[in-house]
Amino acid sequence: MASTLLFLSADAFQAHVWNSKGLAVSREFSNDADGREQFAEFLERYQHPAYLLVDIIEEDFHLETVPHLIGPSRKSLIERKFEQYYRSTPFRQATLLKRQSEGRRDDEFLFSALTNPQRITPWLETLLASETPLAGIYSVPNVSAPLLKDIQAEHVLLLTWERNAGLRQTYFHDKRLHFSRLIPINEDGSLIDAIIAETPRTQQYLKSLSLPPPGETLEVFILCHGDDIAQLRDRLSSDSDLHFNYLDITEFARTHKCRQPIEDSDSTPLFLNLLARKPPSAHYANSHHTHFHMLWQLRFVLFGVALMIVLTGLLWSGLSFWQAEQFAAETAPLTQQTERTRAQTQAIQRNFANTTVPAADMKTAVLLARSLSQYSPLPDKILHELSMVMENHPRITLDELSWRASAADAAPSAYPAQVITFQGTLTGFGSDHRTALAYLEKFQQALTQTGYTVSATSLPLDISSKGSISGDAAGSAQGRFTLKIIWRQPA
């Protein structure tokens, strides 16, 4: 996605259009009404998210240790520090460097601000008037941190040169920004002379702050072109307190995928590329300055939500359509079967014989036929349960079976009962008469449980207190008996 990169220095204000191929369009505007009018026309033509990079002298840094607080208490503390140090400017930020590991474990904060808001405000008002989505206001020291990714030194002084600003000296401790200083270079001066003259001064200033601590070496890394590296090697010498290192800017540009040609030691294209690819989270703009950028982001969020809803709706519609097709395919055979059944029913109805008998008489006849069927039930209906009980009592043998209708034994049924005469033999009667008679009693109880009314007409031997021991000795020995079984029509 294309972006508008703005670069503000002491003497120039530039606008660049950045895309995947690098800086495509570059314009420079004068710091007057005509220049700002031309800048407004530029913004109307290129309506991309904007990132403002600032490299000016009026950037102040203040390192302070404060009590460890969280939530609203920390926010109030930071606001008090802002009012204490930078009351006259809205372009300020507080960065938590680390929390101390000993004592009260206080927080180390870096408070910084752009102390000359009049230098930025006219261009910022033009951005807000055109409703340009400004992502943030950044400074070169904030953007410089990724250059130290592969540097392992603890105390680093990074030297860079921006053609329209000057020599930038930025001090890092454990890759955390602590201090930065911009030295303008006039037309008669050179980068090499400025480095030779100003580096010892910066070293003395850092020593006054005990940075780095006594006994440790300050590693100076100079980012410049190969031609300048050769001259610096001849004129700079390292010692126990100060050690010089040289970084080829063309190699850094290739490593950080900067497609802009690097012809000298000017690191402005490299910083703009770093800002476009991965902007720092901290910057000097407040919510009022980034209002239109938040609306721009919200538009994309809403667009993404709408797209998700549309895709979900299409997916749901497709699934519903597929299910409908499946249901239609499953319903088709049932529909065809229904049509065949309806056709068969109509054909049967057409084949009915024509009759003049009223429907009421036919209904009466059917009801009478049903009632008459109850008077003469089928044998399987009468004897089914009897056969099931006999199957569970294998010692009962059927000798003779007969039945007759009996109205006298019908109660409580409204239809005649069927009186069954069951003549059978209890096999294995033997000498243990009591056990054999108990087996026969269980047979009668099983018949009673299935709905029959059972009474014994004759038994092989009556041993009850009311009976008398008499009968046919031969029949008793064979275990013959006769039962009267009554079957009644179910209600």
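This is a predicted model: local features need pLDDT of at least 70, side-chain atom pairs count only at pLDDT 80 or more; totals for chains, interfaces and linings use all residues.
Modeller: Residues are numbered from 1 along each chain as its sequence is written, and side-chain values use heavy atoms, without hydrogens and water. Local features need pLDDT of at least 70 and side-chain atom pairs pLDDT 80 or more, while totals for chains, interfaces and linings use all residues.

Colleague: Is Asn-273 buried or exposed?

Modeller: Asn-273 sits in helix α8, residues 268-277. Leaving aside neighbours within four places in sequence, its contacts (heavy atoms within 4.5 Å) are Trp-18, His-256, Lys-257 and Cys-258. Buried means under 20% relative accessible area, exposed over 50%, partly exposed in between (1.4 Å probe, protein chains only). Because its relative accessibility is 3%, Asn-273 counts as buried.

Colleague: By class, how many nonpolar residues has the contact of α11 with α12?

Modeller: Leu-386, Val-389 and Met-390 in α11 meet Phe-443, Ala-446 and Leu-447 in α12. Nonpolar covers Ala, Val, Leu, Ile, Met, Phe, Trp, Tyr, Cys and Pro; Asp, Glu, Lys and Arg are charged, and the others, Gly among them, polar. With no polar and no charged residues, the number of nonpolar residues in this contact is six.

Notes: Helices (H or I, at least four residues) and strands (E, at least two) are DSSP runs, numbered from the N terminus.
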